[in-house]
Amino acid sequence: MNKCVAVTGAGQGLGFSLVKQHIEQGDRVYAFELNITDQLRDLAEKYEKLHVAQCDVASTSSVEAATAGLLAKEDKIDFLYNNAGIFRMEDRCGLAETDIDAGMVMMQVNAIGLLRMCKAAIPKLSEGSVVVNITSESGSIGDCYREVEYMYGMSKAAANIASMILQNEVKKRGVRVVCIHPGWLRSAMGGKAAAESPYSVSCDESASNIVKFALNPETIPEGVYFMEHTGKPLPW
């Protein structure tokens, strides 16, 4: 396809699967990762169109430095996947036990980190560009069932509203922004429970579904901006 693709949190899990899917179909992929993994390095050695850069989305200066090469080389970003995210197991507790200050790291990465990347990319977003923000059903207020995970849920809800405001700003350019819940992933973040559950999903399967929507944004119903990787709409 030879499209320009940018992926954050690209070193493992869903991000790595997104990188693989695009690089294998001939796209130019810019993979951003805080701690660059061996599997990402190995893939970059195999594909000359894969460019890997260290990037901490919790730092504005790091995002600006990491994306400088991309912005200089490319006229347009066709697909931007904001996938970088973290979850603190310590946040799986009630409010009395919640360490709010420590939990702010999730807000910095999951919500504000996404916004930093979008700000860096916005000069290169134009007609046909698609921004896929990997958020979570945990950020849905209308479908909230949790009694714990305050800071994580708040970070994902913040990512959702940032995405909607961005969509309002860039819609006139012909840019589509969508928030996608990737499912309960069999990944390091999903943990042992996800690996053993019949209700979880592999990173490759989730990535395949997400890429299909990114390649064909017209298949996403008008007015749907928050959905599962399967296409099921989620309430804000």
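How many bridges join strand β1 to strand β4 (residues 79-82)? Three bridges join them, and the two strands run parallel.

The model is predicted; local features need pLDDT of at least 70, side-chain atom pairs count only at pLDDT 80 or more, and totals for chains, interfaces and linings use all residues. Residues are numbered from 1 along each chain as its sequence is written, and side-chain values use heavy atoms, without hydrogens and water.

View 1. Strands (E, at least two residues) and helices (H or I, at least four) are DSSP runs, numbered from the N terminus.

**View 2. Partners of β1.** Strands pair if DSSP finds at least two bridges between them. Five bridges join β1 to β2 (residues 28-33), in parallel. C4 has R28 as its bridge partner in β2. The chain crosses from β1 through helix α1 (residues 13-24) to β2. A6 stands opposite L80 in β4.

**View 3. The open sheet.** Seven strands follow the order β3-β2-β1-β4-β5-β6-β7, with parallel pairing. β3 (50-54) and β7 (226-228) stand at the edges, each with a single partner strand, so one side of each lacks a neighbour in the sheet.

**View 4. The β4-β5 pair.** Four bridges join β4 to β5 (residues 130-134) in the parallel sense. N82 stands opposite N133 in β5.

Notes
A crossover is right-handed if, with the strands pointing away from the viewer, the path from the first strand over the helix to the second runs clockwise.
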